[in-house]
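Trainee: Could you take me through one part of this model closely? I would like to see how its pieces sit together.

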Amino acid sequence: MMIWEIFKKEWVDSLRDKRTMLVVILSSLMGMPFFLFISSEAYSRMDEQNEKRFIRVLGAEYAPELVNYIQRQGFEIKPASADYAQKLHSKEYTEPVLFLSKDFASQFAQGIAPKVEIISDLANKDSQMGVRPVKLLLQGFMQERAGLNLALRGVSAEVLAVLKVEERHLSRAQNQQSAGLKEMLPFMFIMTLLGVGMYAAIDTSAGERERGSLEPLMMNPVSSWHFALGKWAAVGTLTVCVLFFNVMSIFPSLFLIKNEVLKIAFQFSIKDAFVFLAVLCPLALAIAALQIAVAINGKSHKEAQARNSMLMLLAPLALVIGMLKQGADPVWFSWTPLLAQNQLIIKILNGETLSLAEVLIPILVCIVILLASLSYTAQKIRRVVMQ
């Protein structure tokens with residue numbers, strides 16, 4: 001009963017600063033739609049570059065053989081102006097420029113490999129995305145000319161082909177295209193957990209200490225464990241509520257995905273949503289308890305915020321470790337908070353079957369962190385008041 005009363009009091013206090021909480025909650029809820037919309041736009045721009053049926057060329061008159069090959073592949077030749085560098089930098093050109101030198105025809109006739117340049121601008125992302133299609137065209141031209149040169153000498157082009165290499169992908173092309181999106185999604189959820197709970201955890205510990213309201217509260221005949229549980233319940237409930245809406249915001253966000261291939265690849269069901277919550281809720285509750293334990297030593301709101309900001313660095317670190325690892329996930333991944341949840345969410349999005357151990361081990365670790373943090377808070381809270 002006392003825990004319930006403390007919970008109600010802390011819940012009201014955590015919502016007292018309506019402006020701060022509104023900014024935190026709205027930014028968390030709007031993060032997913034914004035992220036999926038931006039990702040969709042990026043994939044659409046990549047597809048547009050791959051589907052463009054023209055090549056911007058400077059010096060096309062010097063390479064009639066190459067121009068003929070490009071046109072036979074169904075591409076239109078568009079001349080580039082002499083100030084192509086400025087137009088690439090100003091993004092007036094959204095595709096790279098193929099530069100052909102005046103010596104192309106003479107060197108080509110003599111059997112000397114002429115140099116060609118694919119010019120793009122690092123500040124112009126669209127032009128960089130278009131480099132690969134141009135490279136593929138040039139490779140095709142080189143293969144065709146090599147075959148013709150051998151045929152003129154009575155040699156079959158198959159003499160050079162000692163192997164016939166074919167690619168066979170086990171995953172669908174759509175899944176490969178959406179792989180980057182699926183790797184970034186856990187990062188969004190984990191950052192939401194860390195961001196939302198931090199402000200409430202600081203306010204209920206260092207915030208009360210700074211306002212001088214913690215001492216009168218501790219004068220009540222209530223055990224330190226009741227105080228710790230009540231404060232944690234309020235912060236944990238807020239974090240889980242925001243997490244729930246954050247996960248559910250994926251469904252309306254799917255309508256913002258314009259790229260059809262990405263829309264097909266990124267399938268998300270109600271079942272996936274509840275599996276997400278089952279994986280992330282224990283982490284959310286453990287993080288809430290840990291943030292209170294970290295903030296309880298802060299003598300001011302700023303000091304507690306500085307301490308908790310160290311936890312915010314763990315999420316990007318977990319994401320980087322997960323992306324840099326090679327081969328199968330090592331066993332210690334399952335025992336590492338944040339990293340374990342990161343890998344589990346990626347597996348869920350990829351449609352992989354999770355083993356019982358993969359799910360239970362991270363939950364067990366979260367329970368240990370939760371109990372350790374609550375125990376530390378309960379022991380520390382009265383010492384802090386007496387200081």
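**A close look, piece by piece**

Mentor: Beyond its neighbours within four places in sequence, glutamine 341 is in contact with Val279, Leu280, Leu283, Thr336, Pro362 and Cys366. Keep in mind that this is a predicted model. Glutamine 341 belongs to helix 17, residues 339–349. Its relative accessibility is 1%, under the 20% cut-off, so glutamine 341 counts as buried. Eleven of the eleven residues of helix 17 are buried, so the helix is largely enclosed by the rest of the structure. Among them are Asn342, Gln343 and Lys347. Just after helix 17 comes glycine 351, with a positive phi of about 75°.

Strands of a sheet pair through backbone hydrogen bonds, either parallel or antiparallel. Strand 1 (residues 54–58) and strand 3 (residues 97–100) pair in the parallel sense, over three bridges. In strand 3, valine 97 is the bridge partner of arginine 56.

Arginine 132 has its place in helix 7, residues 131–152. Its relative accessible area is 56%, over the 50% cut-off, so arginine 132 is exposed. Its C-alpha atom is 9.8 Å from that of proline 96, which is 36 residues away along the chain.

Charges and rings come next. Arginine 56 lies over the face of tyrosine 93, at 4.1 Å from the ring centre. Lysine 78 lies over the face of phenylalanine 54, at 4.1 Å from the ring centre.

Finally, look at ring against ring. The model has seven aromatic pairs. One of them joins tyrosine 84 and phenylalanine 99: the centres are 6.5 Å apart and the planes are at 40°, so the pair is tilted. This pair links distant parts of the chain, with tyrosine 84 in helix 4 and phenylalanine 99 in strand 3. Tyrosine 84 is buried at 19%, and phenylalanine 99 is partly exposed at 26%. Phenylalanine 104 and phenylalanine 108 have ring centres 5.9 Å apart and planes at 10°, so this pair is stacked. The two are four residues apart in helix 5, so about one helical turn separates them. Ring pairs link Tyr69, Phe104, Phe108 and Phe141 into a cluster.

Terms used:
Residues numbered from 1 in each chain as written. Predicted model: local features only at pLDDT ≥ 70, side-chain atom pairs only at ≥ 80, totals over all residues. Heavy atoms only, no water. Buried < 20%, exposed > 50% of the residue type's maximum accessible area, 1.4 Å probe, protein only. Contact = heavy atoms within 4.5 Å. Pairing = 2+ DSSP bridges. Phe/Tyr/Trp six-rings, centres within 6.5 Å; stacked < 30°, edge-to-face > 60°. Lys NZ or Arg CZ within 6 Å of the ring centre and 35° of its normal.
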